There are 2 protein chains.
Amino acid sequence: MTTQATYQRIVLAARPRGAVTPENFRLETVPVPELADGEVLIRNHYLSLDPYMRGRMSKAASYAASQALDETMIGGTVGQVVASRNPLFRVGDHVGGMLGWAEMGVSDGALLRKLDISHIPLSAYLGAVGMPGMAAWYGLNQIMAPAAGETVVVSAASGAVGSVVGQLARLGGCRVVGIAGGPEKCDYVVKELGFDACVDYKAGNLEADLAAATPDGVDAIFENVGGDCLDAALARTNAFARVALCGLIAGYNGAEMPIKNARLLLINRLSLRGFIITEHMEYWQQGLQELAALVADRRITYRETVADGLAAAPQAFMGLLHGHNFGKQLVKLI
Amino acid sequence: MTTQATYQRIVLAARPRGAVTPENFRLETVPVPELADGEVLIRNHYLSLDPYMRGRMSKAASYAASQALDETMIGGTVGQVVASRNPLFRVGDHVGGMLGWAEMGVSDGALLRKLDISHIPLSAYLGAVGMPGMAAWYGLNQIMAPAAGETVVVSAASGAVGSVVGQLARLGGCRVVGIAGGPEKCDYVVKELGFDACVDYKAGNLEADLAAATPDGVDAIFENVGGDCLDAALARTNAFARVALCGLIAGYNGAEMPIKNARLLLINRLSLRGFIITEHMEYWQQGLQELAALVADRRITYRETVADGLAAAPQAFMGLLHGHNFGKQLVKLI
């Protein structure tokens, strides 16, 4: 089905020193490989851009191996099978995988997942019904476990993960307060996602505004940002509050990232747990089923920012790290 | 059995501004009260001095009500019944209670515990077989839950709590590394308590010394101190390490108390939980039984620093907050 002989990919050209720059990436044209027995050739329709990629770009010890230099940047993808020598996958099948920043990719099928697009758009499998949705589901259900009536705070509330956390918590009867950057995002979080309130951290009164939005204190926190956002939320915690630590995007470029008032962890007897959703695969089947049903019923909605074409990926990724995206950041490849 | 008409007590005279000073306390002579029906009069033999008392002296929101001004300072005591109008307690019974910084006290019996001193010295019920021992037992078993062979770090290792944490962890087959102030305490921690190593935080190379003492990283931390001690221990954590946060004595006088590198909580997927042992009474029976057996068998040893007479309590307490005590800080009243 594919007749083209080459495709484009983006490799890591150099590790960032501080902020990510365009020079960290290199666009290459490479030959489409011949398939070995058992392999599948996929044309990627969407590439997912996610904050965790920043960690992989550094050589610093992190929870996962560093992204290798001169290799295709890591990344989740959804697309369609264009050639197959694997009996489990047919040409035309929609599939999700980790084929990276590339127009095409080859898989042996092991980490490839068939996707049903009859009720759910293909791109949602990179967002609310994919890894970001699962991070939300796991942190909320397995760490925060809020009871109905409790107050939940979610940072990066309009983002791919935060938007799902808040909607799931609302469905569970919680009071949900988001933190987001700018009035447009805050409006969206309240009016379209249905959060009870959203605090604009760019307005300059984060601590006071969050206090006003959480009159009964805070019982659970889903943290994507860290820094001032986390400090402000911790300052509002009730006794025995739970903190799911999913991301610390405020410090991904190497800025200092303290928790200023560690006393609160003791005084309020807080529980805090950092997690990486790919280490909890035992929950994915249940979680994705629940998320798929909620997305299909439109009880969970989401927004996407879509960059056009592979060459736009580096700029879109840099924007993501500065919060320029609105909702899930994707790159449309076809 | 008592013929005296008055006794001495120490009340909170003024709340500290920063460091605790002698002016925060006032020694008073008060009349021995008449017992009502059901009440017990106790002569206290030992008063326990503990870091948590610093928190109660402040008006700042804490996990417990503030110590009231002009009232007897809160504190655990062991002593002997000298008069009783309660059928459950007889004159001569040894009892533990919370009668505060006072030579005598009246109890309705509700929070009074009879103590068996046939195999365990009375004072140990304020230490290894009391609240400090339980804090150690709970944090180790219910939060850190280290497996044999894992590395455990304990700050304030020679203290009433830390010494028990380390000995319990050693009995469980862990590699145990203490942090303590000065060569004398470190010597004691290794040679008498049997820790595998102890790092002197006053030697000025905490981070490097702790790294050298934990060649396989750190799997669990029992934190009594905070600040540099906690930062150094966090820097050595392996993936999925657990942190039991029992105290933050480094910041009890109002100093800033940040966790400098919160990134580690995420990168290493740490679990951290602050706890107050008096909120987990459901474990006390089991825990105290185990601790009593270990102390009676001398498989857990401890050291005490004993101040003489009630009037010495304020100075001893100020010393405790600066680490001048060696092991459990007591005040001997009789």
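Predicted model: local features only at pLDDT ≥ 70, side-chain atom pairs only at ≥ 80, totals over all residues.
Good morning, colleagues. I shall start with chain A on its own. Its secondary structure comprises nine helices and 15 strands. How does the radius of gyration of chain A stand against that of a compact globule? For 334 residues, a compact globule would have a value near 20 Å, and because chain A has 20 Å, the two agree.

Let me turn to the strands. In chain A, β3 and β4, the latter covering residues 77-84, run antiparallel and are joined by seven bridges. Within this pairing, R43(A) is found opposite Q80(A) of β4(A). On β4(A) there is also a pairing with β5, residues 94-97 of chain A, again antiparallel, with four bridges. Here V78(A) faces G96(A), a residue of β5(A).

Next, the charged pairs. Over all chains, the whole structure holds 24 salt bridges. One of them is formed by D50(A) and K328(A), whose closest N and O atoms lie 2.7 Å apart. Which parts of the chain does this pair link? D50(A) belongs to the loop between β3 (40-48) and α1 (52-57), whereas K328(A) belongs to strand β15 (residues 328-332); these are distant parts of chain A, and the two residues are 278 residues apart.

I now come to the interface. The contact involves 32 residues of chain A and 31 residues of chain B. Together the two chains bury about 2,500 Å², with 60% of that area on carbon and sulfur atoms. On the side of chain A, the greatest losses of area to chain B fall on R263(A), L266(A) and R269(A), which together account for 27% of what that side buries.

What polar features cross this interface? There are eight residue pairs in polar contact, counting those with both residues at pLDDT 80 or more. The elements of chain A that give two or more residues to the side touching chain B are β12 (237-245), α7 (263-267) and β13 (271-274). Sorted by class, that side of chain A has 19 nonpolar, seven polar and six charged residues.

Between chain A and chain B, two salt bridges are counted. In one of these, the side chain of E279(A) meets that of R269(B), at 2.3 Å from N to O. In general, side chains of opposite charge can pair when their charged atoms come close.

Finally, strands pair across the two chains. β13(A) and β13 of chain B, residues 271-274, are antiparallel partners over three bridges. In that arrangement S271(A) lies opposite R273(B), which is part of β13(B). Thank you for your attention.

How values were computed
Residues numbered from 1 in each chain as written. Chains lettered and ligands numbered in written order. Heavy atoms only, no water. Contact = heavy atoms within 4.5 Å. Buried area = accessible area lost by both parts, 1.4 Å probe. Salt bridge = Lys/Arg side-chain N within 4 Å of Asp/Glu carboxyl O. Polar contact = N/O pair within 3.5 Å; in protein donor to acceptor, adjacent residues only side chain to side chain. Nonpolar A, V, L, I, M, F, W, Y, C, P; charged D, E, K, R; others polar. Pairing = 2+ DSSP bridges. Rg over C-alpha atoms; globule rule 2.2 N^0.38 Å.
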